[in-house]
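This report describes one protein model for a reader who has not seen it before.

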Amino acid sequence: YVNNSNHVLILSDREADFQDDDTRNLLLLLKLVNLKQNNNYDFKILAEFSRESSTRLIDERDDVKCFVGSNVASLILSQLAENPLLRDTFRDLLSKKGIILSSIKISEIDLDLDKQYSIVQIKLALKKLGYCFLGYKNCNGMFLNQDNNQIVQFNSNDRLLVLTKGI
């Protein structure tokens, strides 16, 4: 089924011995990379490992990324310790429904293309529609984390990068 996939995620088995599990994931990763190369498949691989030392064995590139599962949990916990107000954000992100990163066409929202808007105006308009504004993409590139006072003018080919709750 990988020939029709955009992404393949290899997860650790929490009940297995960490050495056996990392060895299994490493072998599976190598098989997938070999399968990609031999068949000209175009999918990205994200592999979870139990130990940092296992990730050093992998030559990461644009289409192959590795992470240590316990590091992700530690980072989340440290963020929560520093800022308890993030609790609801992490609850949403990690829920079964989750939050979806989307790219929406300018035409999907009610904006006058002949008018200029501040980033804060865009944020407020999208919030009313249930979106959280992250940035925008146009022919000049992708723009994230823009200053609220920045003035922008969109054309019909531009896209907005947003977060929305999963279904």
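Leu126 touches Ile104, Ile109, Tyr131, Phe133, Leu160 and Val162, leaving aside residues up to four places away in sequence. Contact here means heavy atoms within 4.5 Å. The model is predicted, so local features need pLDDT of at least 70 and side-chain atom pairs count only at pLDDT 80 or more, while totals for chains, interfaces and linings use all residues. Residues are numbered from 1 along each chain as its sequence is written, and side-chain values use heavy atoms, with hydrogens and water left out.

Helix H5 covers residues 119-128, and Ile119, Ile122 and Leu126 are buried in it. Helices (H or I, at least four residues) and strands (E, at least two) are DSSP runs, numbered from the N terminus. Buried stands for under 20% relative accessible area, exposed for over 50%, and partly exposed for values in between, with a 1.4 Å probe and protein chains only. Leu124, Lys127 and Lys128 are exposed, on the face of H5 turned away from its buried side. After H5 comes Gly130, with a positive phi near 90°.

The largest nonpolar core has 14 residues, of which Leu111, Ile122, Leu126, Phe133, Tyr136, Phe154 and Leu160 touch the most other members. At least two residues of this core come from each of H5, strand E6 (132-138) and strand E9 (159-165). H5 gives the most, with 3 residues. Another core, of 12 residues, lies apart from it and includes Leu29, Ile45, Phe49 and Ile58. A nonpolar core is a set of buried Ala, Val, Leu, Ile, Met, Phe, Trp, Tyr and Cys residues joined through side-chain atoms within 4.5 Å. In soluble globular proteins, nonpolar side chains tend to be buried together.

**Tyr136 and Gln146**

Tyr136 is found in strand E6 and is buried, at 6% relative accessibility. Among the residues that Tyr136 touches, not counting those up to four places away in sequence, are Ile119, Met142, Phe143, Val152, Phe154 and Leu160. Leu161 is 25 residues from Tyr136 in sequence, yet the two are 5.3 Å apart in space, C-alpha to C-alpha.

Gln146 sits in the loop between strand E7 (141-144) and strand E8 (151-152). Gln146 is also buried, with a relative accessible area of 18%. Ile119 and Tyr136 are touched by Gln146, with residues up to four places away in sequence not counted. The side chain of Gln150 makes a polar contact of 3.3 Å with that of Gln146, and one of 3.3 Å with that of Tyr136. A polar contact is a pair of N or O atoms within 3.5 Å; within protein, one must be able to donate a hydrogen and the other to accept it, and residues adjacent in sequence count only if both atoms are side-chain atoms.

**Salt bridges**

The structure holds 2 salt bridges, each defined by a side-chain nitrogen of Lys or Arg within 4 Å of a carboxyl oxygen of Asp or Glu.

| Pair | N to O distance |
|---|---|
| Asp21 and Arg24 | 3.3 Å |
| Asp22 and Arg51 | 3.4 Å |

Asp22 lies in helix H1 and Arg51 in the loop between strand E2 (44-49) and helix H2 (52-55), so this pair ties together parts that are 29 residues apart in sequence. Asp22 is buried at 2% relative accessibility, whereas Arg51 is partly exposed at 26%.

Asp21 and Arg24 are 3 residues apart in helix H1 (residues 18-39), which separates them by about one helical turn. Asp21 is buried, with a relative accessible area of 1%, and Arg24 is partly exposed at 40%.

**The protein overall**

The protein has 5 helices and 9 strands, in the order β-α-β-α-β-α-α-β-β-α-β-β-β-β along the sequence. Of its 167 residues, 28% are buried. Among contacts between residues at least 6 apart in sequence, 58% join residues at least 24 apart. The accessible surface comes to about 11,800 Å², with 51% belonging to carbon and sulfur atoms. Accessible areas come from the Shrake-Rupley method with a 1.4 Å probe; for residues, only the protein chains shown count as cover.
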